[in-house]
Amino acid sequence: MAVVRLRAIDFPAEVETVVDLITEINMHDQPGWFPTVAALKNDWTASPSFRPDRDLQGVELDGRLVGLARHSWRDRPAVVSHRVELWVHPAHRRRGLGSRLLAWAEARARESIADGTGGPTDKAHQLGGAGPDSVPAAAAFATARGFAPYRYHFEMRRPLGDPIPDLRLPDGLELRPVTHEQHRAIWDADEEAFRDHWDHAAPVEGDFERFFAEPELDPTLWQVAWDGDEVAGLIINTIYARENELEGVLVGWLDSVATRRPWRGRGLAGALIVRSMAALRDRGMSEAGLGVDAENPTGALRLYERFGFRRIRTWNFYRRPLDS
């Protein structure tokens, strides 16, 4: 009889094992995320909202790691959201391993609320997660455990071999190469621009440092428009070499498209998008990719469609109150 054991993950000592497991799973499920060892070590460093020694749990089958759960929380405007990320190897699904990991994650979320380490206690708390439509069983799994879908996120692509329009920047604005001294201003502008986004969370200690320590960050690809000393808008572009190699593609990502409120409605986002596409094309990419909330209040979905982006995948977001 197979021996199943839930255990803590010794992170970052086991980071290579974790990366290998996630890679095997995601090669099967094709959600489009393949972390490197360096990136995961940076992403999963300890913070007020996530501690590897308490918020990671693995499941072993006959001594081999075949599943993983991660719990983290973020303080959002109306609720504290406890995020659950689950991975179970496809060869070992439908054995109840995902259910055991989810039960652990919910217990960990409740424990964090009780001991005061799980965010503000004067707000409602919810348990939630997301799954791509490329894994149909994810929706059935979530629904059967009382989670309801409440938001949708589209992944979009655009061929860079198609003509890219030539759009001028709005009057009075200019692009400048990114320097180290500008990092805080760019970070703050991006945070401010997304404050009305449904998924925006208040930053926690270490977020700024962790972001700029990302090993695949390449500010030479960024497009940042300035109005004097003020950042008016920006696009953070990234090329994920390992993802491209594993998937056999050449995709560059518009990871964050942000225009601050005083500069909206003047065509700035479009001017930065075309420059981003050209920069990615010039680096040898054949496609541009981005993600967008289906109900983005700024009309971003329509904007991206106007520039030739088309949906290739939908992410479904699920939630369940933690007071029941």
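Biologist: How do you know that strand β6 (residues 148-159) and strand β12 (residues 310-321) are joined?

Modeller: The two run antiparallel, with 9 bridges between them; strands pair if DSSP finds at least two bridges, so β6 and β12 qualify as a pair. Strands are DSSP runs of E with at least two residues, helices runs of H or I with at least four, and both are numbered from the N terminus. This is a predicted model in which local features need pLDDT of at least 70 and side-chain atom pairs count only at pLDDT 80 or more, whereas totals for chains, interfaces and linings use all residues. Residues are numbered from 1 along each chain as its sequence is written, and side-chain values use heavy atoms, with hydrogens and water left out.

Biologist: What joins β6 to strand β11 (residues 287-293)?

Modeller: β6 and β11 are antiparallel and share 7 bridges. His153 stands opposite Asp293 of β11.

Biologist: What makes β1 (4-8) and β7 (174-175) edge strands?

Modeller: The open sheet has 12 strands with mixed pairing, in the order β1-β2-β3-β4-β5-β12-β6-β11-β10-β9-β8-β7. β1 and β7 each have a single partner strand, so one side of each lacks a neighbour in the sheet.

Biologist: Why is Ser72 called buried?

Modeller: Buried means under 20% relative accessible area, exposed over 50%, and partly exposed in between (1.4 Å probe, protein chains only). Ser72 has a value of 9%, so the residue is buried. It lies in strand β3 (residues 64-75). Leaving out residues up to four places away in sequence, Ser72 has contacts (heavy atoms within 4.5 Å) with Ser49, Phe50, Ser81, His82 and Arg83.

Biologist: Why is helix α9 described as largely enclosed by the rest of the structure?

Modeller: Of the 15 residues of α9, 12 are buried, so the helix is largely enclosed. The buried residues include Leu268, Ile273 and Met277.

Biologist: How do you know that the reach of α9 (residues 268-282) is close to what is expected?

Modeller: The expected span is 1.5 Å times one less than the number of residues. For the 15 residues of α9 this gives 21 Å, and the helix reaches 21 Å from its first C-alpha to its last. Just after α9, Gly284 takes a positive phi of about 95 degrees.

Biologist: What makes the 32 residues of the largest nonpolar core a core?

Modeller: A nonpolar core is a set of buried Ala, Val, Leu, Ile, Met, Phe, Trp, Tyr and Cys residues joined through side-chain atoms within 4.5 Å. Residues with the most contacts inside this one include Met156, Leu268, Ile273, Met277 and Phe309. Elements giving two or more residues to the core include β6, α9 and β11, and α9 gives the most, with 9 residues. A second, separate core of 17 residues includes Val66, Leu101, Leu127 and Tyr318.

Biologist: How do you know that the radius of gyration of the chain agrees with that of a compact globule?

Modeller: The radius is taken over C-alpha atoms, and the globule rule is 2.2 Å times the number of residues to the power 0.38. For 324 residues the rule gives a value near 20 Å, and the chain has 20 Å, so the two agree. Buried residues make up 51% of the chain.
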